[in-house]
Amino acid sequence: MAAPMEVAVCTDSAAQLWSCVVWELHSGANLLTYRGGQAGPRGLALLNGEYLLAAQLGKNYICAWELQRKDQLQQKIMCPGPVTCLTTSPNGLYVLAGISENIYLWEVSTGNLLVILSRHYQDVSCLQFTGDSSHFISGGKDCLVLAWSLCSVLQADPSRTPAPRHVWSRHTLPITDLHCGFGGPLARVATASLDQTVKLWEVSSGELLLSVLFDVGILAVTMDLAEHYMFCGGSDGSIFQVNLCTWPGQREKSFQPEQEHGKVFRGHRNQVTCLSVSTDGSVLLSGSHDETVRLWDVQSQQCLRTVTLKGPVTNACIMLAPISMLSSDFRPGLPLPHFNKHLLGAEHGDEPHRGGLMLRLGLHQQNVLGGQDQLRIRVTELEDEVRNLRKINRDLFDFSTRIITHPTK
């Protein structure tokens with residue numbers, strides 16, 4: 001079986017010839033182009049491997065294309081205001097958009113607007129889900145980074161305002177980019193800011209793991225899949241490589257390029273706005289306001305390819321090409337629904353669901369617990385299961401302790 005093809009997906013603010021271009025990563029051959037608007041920064045997202053979404057620069061709508069029907073704009077998702085950033089959940093169930101200082105969460109299967117989160121004080125600049133879709137992270141121009149639990153946000157009680165799980169307020173200037181590593185609720189999150197620092201956080205505890213100070217403002221950040229390296233794009237066009245495995249034990253440190261753990265990629269003539277690393281960690285993709293996208297060899301820091309666009313680069317990322325992108329016969333399983341601009345129940349006299357618990361499973365909704373008696377029974381069963389798991393955990397811990405403290409001779 002052939003290895004999955006990696007592709008680079010790029011957009012620029014001019015969009016003279018196309019809105020988005022897809023090219024094969026290693027050969028540089030153009031595969032697809034999409035037409036119909038100008039994608040804004042942090043505004044490009046792949047939905048369920050079937051649709052490409054692009055938040056339009058300074059406009060109050062999101063363009064959606066079927067991956068294969070590149071010349072036909074499938075739908076315009078109208079929003080209450082200009083979209084500043086956009087992301088989708090890896091499981092394909094939800095769409096998140098930053099609109100001014102608010103975060104809007106839609107359910108893909110129904111198009112319902114489920115919640116509007118208003119905890120930022122200025123525009124939301126970046127959004128990203130964790131790999132398991134259990135959490136999402138938001139960064140804003142108010143210098144705050146918020147970590148949200150999706151389960152808490154989707155709580156049934158509408159009278160309570162959802163609160164973020166963590167509020168990270170150690171940055172002193174606007175947040176420009178963020179990157180979530182692997183691990184779901186145990187993931188590490190890198191945040192970049194104009195305050196010339198990149199900080200590494202732990203989602204589970206909320207602790208600050210590392211803060212790196214640079215000589216310039218940082219506009220883009222990413223990590224390789226193994227999280228050995230962190231790449232930081234500077235406002236002067238430099239790309240800094242931080243080795244997370246050999247970094248000294250200090251929590252706060254200044255980046256020193258001349259030391260063995262610090263490397264710099266030089267070639268861009270203007271600020272670096274986006275970064276992405278290939279699956280095997282050998283290639284780095286960068287986009288800049290100098291209207292070029294560059295492909296770098298990570299080991300040698302040499303530029304392998306330069307692609308010139310028609311305007312400042314707003315998005316550039318590496319992804320494994322979905323089968324729908326390469327097969328001309330592929331069609332989405334279900335069409336996109338109409339996305340509502342108002343909260344569920346806020347228009348057309350929609351009635352909220354009563355007397356049960358609504359479980360969302362992919363494209364279907366099932367009222368699985370109809371009455372209070374069944375709910376109490378289920379809660380009791382889950383509590384018993386938790387107690388049993390805790391006992392098993394204690395037994396395993398005791399057994400491991402005995403093995404470690406009294407090894408067999």
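Guide: Helices (H or I, at least four residues) and strands (E, at least two) are DSSP runs, numbered from the N terminus. In those terms, Ser100 is found in the loop between strand S9 (94-99) and strand S10 (102-107). This is a predicted model: local features need pLDDT of at least 70, side-chain atom pairs count only at pLDDT 80 or more, and totals for chains, interfaces and linings use all residues. Residues are numbered from 1 along each chain as its sequence is written, and side-chain values use heavy atoms, with hydrogens and water left out.

Visitor: How many helices and strands does the chain have?

Guide: Three helices and 31 strands.

Visitor: Back to Ser100. What is its phi near?

Guide: Start with the general idea. Most residues other than glycine have a negative phi. In this structure, phi of Ser100 is near 55°, a positive value in a residue other than glycine. Ser133 also has a positive phi, near 65°. Ser133 sits in the loop between strand S12 (124-129) and strand S13 (135-140).

Visitor: Is Ser133 buried or exposed?

Guide: Buried means under 20% relative accessible area, exposed over 50%, partly exposed in between (1.4 Å probe, protein chains only). Ser133 is buried because its relative accessible area is 4%. Ser100 has 30%, so Ser100 counts as partly exposed. Over the whole chain of 409 residues, buried residues make up 49%.

Visitor: How do I read contacts along the chain?

Guide: Contact means heavy atoms within 4.5 Å. Take the contacts with a separation of 6 or more. Residues 24 or more positions apart account for 47% of them.

Visitor: Show me one residue. Where does Leu144 lie?

Guide: In the loop between S13 and strand S14 (145-149). Leu144 is buried, because its relative accessible area is 13%. Set aside neighbours within four places in sequence. Leu144 is then in contact with His120, Tyr121, Ser138, Gly139, Val167, Trp168, Ser169 and Ile175. Ile175 is 31 residues from Leu144 in sequence, and their C-alpha atoms are 7.1 Å apart.

Visitor: Which residues does Gly28 touch, not counting residues up to four places away in sequence?

Guide: Gly28 touches Trp23 and Arg305. Its place is in the loop between strand S2 (20-24) and strand S3 (30-34). The relative accessible area of Gly28 is 24%, so this glycine is partly exposed. From Gly28 to Ala8 the sequence gap is 20 residues, and the C-alpha to C-alpha distance is 8.9 Å.

Visitor: What does the side chain of Glu227 do?

Guide: A polar atom of that side chain lies 2.9 Å from the backbone nitrogen of Phe182. Glu227 is buried because its relative accessibility is 11%. Its place is in the loop between S20 and strand S21 (229-234). Not counting residues up to four places away, Glu227 touches Gly181, Phe182, Arg188 and Leu244.

Visitor: How much space lies in the largest pocket?

Guide: On a 1 Å grid over the protein atoms alone, a pocket is an open set of points where a 1.4 Å probe fits, with protein on both sides within 12 Å along at least five of seven lines; lining residues have an atom within 4 Å of a point. Points are joined across faces, edges and corners, and the volume is the space filled by probe spheres set on them. Here that comes to about 1500 Å³. Of the 46 lining residues, the closest to the pocket centre are Gln128, His179, Cys317, Ile318 and Met319.

Visitor: Which elements give two or more residues to the lining?

Guide: Strand S4 (39-47), strand S8 (83-88), S12, strand S16 (175-180), strand S20 (218-223), strand S25 (272-277) and strand S29 (313-320). S29 gives the most, with seven residues.

Visitor: And the lining by class?

Guide: It has 24 nonpolar, 17 polar and five charged residues. Ala, Val, Leu, Ile, Met, Phe, Trp, Tyr, Cys and Pro count as nonpolar, Asp, Glu, Lys and Arg as charged, and the others, Gly among them, as polar.

Methods: A polar contact is a pair of N or O atoms within 3.5 Å; within protein, one must be able to donate a hydrogen and the other to accept it, and residues adjacent in sequence count only if both atoms are side-chain atoms.
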